Protein chains: 2
Amino acid sequence: MKDTIPSISTGPLPASRKTYLPGAQHEIRVPMREISVSNEAPLMLYDSSGAYTDPDVKISIEQGLPEVRGGWLQARGEIEQYPGRPVTEADNGFATGDRLTPAFPISRNPLRAVGDRAVTQLAYARAGIITPEMEFVAIRENEGRRAAAPRDGEAFGAELPDLVTPEFVRAEIAAGRAIIPANINHRELEPMIIGRNFKVKINANIGNSAVTSSMEHEVEKMVWAIRWGADTVMDLSTGRNIHNIRDWIIRNAPVPIGTVPLYQALEKVGGVAEDLTWEVFRETLIEQAEQGVDYFTIHAGVRLHMVPMTAKRVTGIVSRGGSIMAKWCLHHHRESFLYEHFEEICDICRRYDVSFSLGDGLRPGSIADANDEAQFAELRTVGELTKIAWAKDCQVMIEGPGHVPMHKIKANMDEQLKHCHEAPFYTLGPLTTDIAPGYDHITSAIGAAMIGWFGTAMLCYVTPKEHLGLPDRDDVKTGVITYKLAAHAADLAKGHPGAQRRDDALSRARFEFRWEDQFNLGLDPDLAREMHDETLPKDAHKVAHFCSMCGPKFCSMKISHDIRAAAEKHEGMERMAAKFREGGALYVPAEAVEDAEQ
Amino acid sequence: MKDTIPSISTGPLPASRKTYLPGAQHEIRVPMREISVSNEAPLMLYDSSGAYTDPDVKISIEQGLPEVRGGWLQARGEIEQYPGRPVTEADNGFATGDRLTPAFPISRNPLRAVGDRAVTQLAYARAGIITPEMEFVAIRENEGRRAAAPRDGEAFGAELPDLVTPEFVRAEIAAGRAIIPANINHRELEPMIIGRNFKVKINANIGNSAVTSSMEHEVEKMVWAIRWGADTVMDLSTGRNIHNIRDWIIRNAPVPIGTVPLYQALEKVGGVAEDLTWEVFRETLIEQAEQGVDYFTIHAGVRLHMVPMTAKRVTGIVSRGGSIMAKWCLHHHRESFLYEHFEEICDICRRYDVSFSLGDGLRPGSIADANDEAQFAELRTVGELTKIAWAKDCQVMIEGPGHVPMHKIKANMDEQLKHCHEAPFYTLGPLTTDIAPGYDHITSAIGAAMIGWFGTAMLCYVTPKEHLGLPDRDDVKTGVITYKLAAHAADLAKGHPGAQRRDDALSRARFEFRWEDQFNLGLDPDLAREMHDETLPKDAHKVAHFCSMCGPKFCSMKISHDIRAAAEKHEGMERMAAKFREGGALYVPAEAVEDAEQ
């Protein structure tokens with residue numbers, strides 16, 4: 001089945017232009033988005049969308065993105081190029097002929113560390129080295145600010161500096177509190193940082209589907225997700241063409257790409273969990289590390305003795321990785337090969353700087369199962385594995401639930417901090433109720449905003465189709481924007497020093513009836529404009545000093561302009577009242593308001 | 001402009017039937033919704049949808065709903081019927097001829113208390129009387145339960161009994177901690193209770209618009225909102241036909257109807273705030289009380305000296321009622337007539353049992369303005385007014401913000417409890433960030449769920465069109481369901497004794513791949529089914545033991561069934577492992593799973 005080949009979404013968002021900030025220590029260009037605002041300075045924002053929103057860059061998915069990190073990596077001198085593992089038919093799920101997605105047209109030999117060196121950001125951070133990646137993310141996090149904006153949050157132990165310095169980044173990585181997922185084979189990457197003393201990030205999941213398997217489709221899914229703000233993308237593809245499609249995605253991805261290698265390993269053994277072996281898994285790790293996958297979800301925390309703990313659950317094991325491993329453990333009646341070979345897994349990851357996302361294979365799938373014995377037993381094991389990974393200089397983050405009612409969310413964060421030694425937390429939602437299929441982006445945004453506030457570093461999005469079907473383009477956008485607003489609400493509540501700038505700019509625009517600014521400063525300018533057009537379609541209404549809710553006859557914000565103007569002139573209440581008696585109309589003409597603002 | 005006359009939405013929700021529970025003390029029939037579930041007992045739920053979902057009731061909006069409370073009111077013997085105030089042209093915004101919406105066809109004389117008696121639920125509660133309304137809401141709150149289900153929430157001082165008794169309702173009302181908004185002229189009402197020791201409720205706003213002014217349209221807006229779960233409806237109409245349309249709505253409303261009388265009073269003086277007088281306002285109160293409005297938003301907390309406190313705000317005064325009163329106070333340089341005549345307002349309300357919703361005219365309209373001096377000054381005044389209203393035996397709830405970042409939400413609840421003496425709190429959202437126009441149902445659902453958990457008794461919904469335009473039918477549904485899930489998340493977190501029943505029933509259905517049950521038990525069965533159909537349209541897939549996310553080849557929930565089955569048979573781990581080795585397939589046939597369940 002062939003369907004229309006989509007074009008890749010390019011071009012800036014409304015009123016936005018791409019700008020690049022230079023490094024002081026390294027030759028880097030850090031991309032930023034600048035939104036122009038009438039009567040105010042432009043607002044500079046974090047920009048995850050890559051070169052796709054830069055009209056000066058020619059996009060060709062056959063070429064891939066420019067290798068911005070190429071020079072940085074060579075400069076380290078601890079990396080060698082080598083022929084790499086040959087691609088096998090099994091890598092692509094035995095797709096052949098017409099059913100085989102073409103390989104990415106440019107082939108190059110992979111990089112790896114020389115000998116048993118660790119070339120991870122953690123190794124460099126511990127050695128006191130500030131890499132270009134570290135300076136890049138420091139500049140990125142500051143969003144062009146030179147000072148903190150007003151802040152008054154409750155950070156629950158997070159320590160957000162007024163300005164992020166490259167040294168602060170280094171120290172946070174060295175402490176294990178943050179990671180920069182950046183495989184040395186992902187040279188197209190614009191580095192980003194995940195840690196609770198930085199902006200809260202979001203991840204979007206994509207995956208191939210049986211009916212649409214063109215490379216353009218798969219690349220466009222990723223581009224679409226980052227256009228709206230996804231900070232990382234997980235490729236959860238299964239089945240045919242998995243290797244080749246992943247190549248197309250990574251070569252065109254400016255954001256870190258995460259995978260669950262177990263899915264591909266399972267395909268290689270024909271979908272039979274008990275046939276999985278350490279050797280097949282190991283091979284898959286190397287295959288994906290050579291391609292440039294930035295982080296691996298590894299379900300090494302699911303151990304044999306934990307499986308019976310799930311027997312009384314309402315929804316059992318809901319993680320695919322978790323259930324694959326549970327089945328394997330039961331069948332062989334032995335400890336998981338992921339757990340037993342974890343040090344060897346680390347040895348692979350340190351040579352490529354693949355970060356760990358230690359999976360929560362026993363996460364609760366319902367309110368009834370939240371915070372149970374199985375979930376916390378796994379969390380403690382994952383905490384032990386974190387120490388092993390750190391001893392190998394590997395970067396680690398920890399995956400979290402799932403379905404959790406509001407009153408049990410804080411305990412998840414507290415337990416994670418305690419047992420996982422402050423390694424960054426990366427949660428799915430959590431969903432705060434089970435009763436709203438079709439609205440689980442919202443049931444989970446509630447939990448996500450809260451756990452982000454409490455200290456979770458990255459939030460894995462949930463789309464409206466969760467539990468029901470495969471998300472389409474609109475669902476992905478809805479999921480990403482819902483999670484952007486949840487992450488931002490968390491930043492505000494934590495007291496992130498720059499977060500409120502955008503709220504304030506938008507609210508000023510709202511108060512002054514600058515409709516275009518209000519749309520452009522929002523997370524989804526297109527939808528906001530479309531909704532405004534539905535009621536007041538005319539262009540003239542975009543400068544109207546009223547909105548459709550109250551109409552031109554009476555608008556609550558008008559009076560406030562009068563009050564403010566009077567107060568600024570230090571008029572007493574008596575005089576203000578007198579002035580109003582002289583005949584201040586409720587509907588103030590536009591010019592009068594503009595005068596008052598000056 | 002005439003557009004298509006809509007039909008009123010009637011008929012039960014999928015797999016649901018209306019059932020009525022009898023009273024023990026009074027002759028009442030309390031409506032419930034029973035969802036049938038395969039292999040399980042039906043789930044009985046609270047039902048706000050009125051007779052519209054009962055196929056045995058013939059609906060005719062020209063007749064209005066049956067006067068279920070008629071007999072109850074007469075039995076009290078303190079109520080007289082009288083000719084009532086004649087309807088004037090001003091009441092309908094001077095609409096005449098073709099532009100005049102016809103009056104509701106059945107006219108009847110209004111009721112009021114004899115002499116200066118108080119006929120409020122508060123007066124009866126204080127006198128130790130359990131009214132039919134009180135028994136009605138007690139039965140309703142229990143949802144057919146005879147005992148508490150498992151509960152483990154954090155209630156922040158709320159005290160939710162295992163079962164609600166009529167005496168508990170009476171005591172809560174007598175203490176001022178709960179209200180039953182129930183104007184004696186709203187005889188069609190199915191009473192409901194608002195208080196923090198009961199289920200969290202939601203309100204939906206409706207209002208006429210210039211282009212659609214048929215009675216059917218306006219009634220259908222209300223019916224549509226309650227079909228999806230709105231517990232009360234506020235009619236925020238302005239302009240022409242406001243009186244007649246309100247009559248149509250109330251005569252067809254099984255839920256309490258709230259209004260902001262100031263809007264109509266302003267229309268009567270041609271939209272000029274400074275021309276408002278106590279006399280015009282008083283007249284409007286009586287007009288609406290005679291029609292049967294159940295609660296009035298009164299912005300009596302906005303006082304002259306508070307107005308300058310808003311001068312430095314980013315978004316000034318954003319409440320329409322607040323800005324009308326601020327303008328009036330400034331113009332006349334005197335105290336608000338609402339504040340000065342508050343006792344007389346109480347004297348009117350006690351004769352009809354109109355409850356107060358003391359308005360937050362100075363609520364913050366942006367993150368920057370949250371929890372400021374103006375907001376809390378008004379809250380303290382509103383607390384004083386609460387005591388005055390209580391002294392007059394009037395029922396009171398308190399309106400709250402607005403726009404509040406997460407870390408400032410708890411303070412709103414704490415201050416409200418402290419200054420307003422535990423009168424029920426009724427909040428708009430709050431929105432937890434300003435940056436997502438088009439998604440403010442979600443930015444606010446985050447705040448609503450949290451403040452509901454902390455103790456807010458009723459949440460006023462926000463639709464996706466907030467700040468942008470007038471909500472259409474889809475927006476109203478999205479807003480209502482978003483707020484139902486937020487209110488439910490709050491109930492779960494508070495440890496409401498019955499809340500988790502629905503989550504558990506849905507999760508069991510999910511785990512057992514009972515797709516139809518999963519749809520039917522959710523808040524929006526239609527959307528859930530539609531989304532499932534998009535990926536797996538065939539009817540056969542509705543009993544499929546897999547979903548489109550993982551497909552039939554591998555499904556994480558399968559293994560859990562095997563584990564559970566083994567555990568139930570008390571098999572040791574050795575035997576379980578042996579059994580798996582004998583060849584348990586990952587994809588268990590449907591029959592095997594059903595066997596395991598028995």
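A salt bridge here is a side-chain nitrogen of Lys or Arg within 4 Å of a carboxyl oxygen of Asp or Glu. By that rule B:Glu534 forms one with A:Lys465, with the closest N and O atoms 2.8 Å apart. This is a predicted model, where local features need pLDDT of at least 70, side-chain atom pairs count only at pLDDT 80 or more, and totals for chains, interfaces and linings use all residues. Side-chain values use heavy atoms, leaving out hydrogens and water.

**Where the chains meet**

- Chain A and chain B each put residues into the contact (heavy atoms within 4.5 Å): 113 from chain A and 113 from chain B.
- Together they bury about 9,700 Å², 68% of it on carbon and sulfur atoms; that area is what the two parts lose in accessible area (1.4 Å probe) on being put together, summed over both.
- The rule finds four salt bridges across this interface.
- There are also 18 residue pairs in polar contact between the chains, both residues at pLDDT 80 or more. A polar contact is a pair of N or O atoms within 3.5 Å; within protein, one must be able to donate a hydrogen and the other to accept it, and residues adjacent in sequence count only if both atoms are side-chain atoms.
- Helix α15 (residues 473–494) of chain A gives the largest share of the chain A side that touches chain B, with 10 residues.

**A three-stranded sheet in chain A**

- Helices (H or I, at least four residues) and strands (E, at least two) are DSSP runs, numbered from the N terminus, and two strands pair if DSSP finds at least two bridges between them.
- The open sheet runs β1-β2-β3 in chain A, with antiparallel pairing; β1 (16–22) and β3 (43–46) are its edge strands, each pairing on one side only.
- Strand β2 (residues 29–35) of chain A is joined to β3(A) by four bridges, and A:Met32 has A:Tyr46 as its bridge partner in β3(A).

**A covered helix in chain B**

- Helix α7 (residues 261–268) of chain B has eight of its eight residues buried, meaning under 20% relative accessible area (1.4 Å probe, protein chains only).
- Its buried residues, including B:Tyr263 and B:Lys268, pack against elements of chain B, among them α8 (278–291) and α9 (320–332).
- Just after α7(B), B:Gly270 takes a positive phi of about 70°.

Note on methods:
Residues numbered from 1 in each chain as written. Chains lettered and ligands numbered in written order. Buried < 20%, exposed > 50% of the residue type's maximum accessible area, 1.4 Å probe, protein only.
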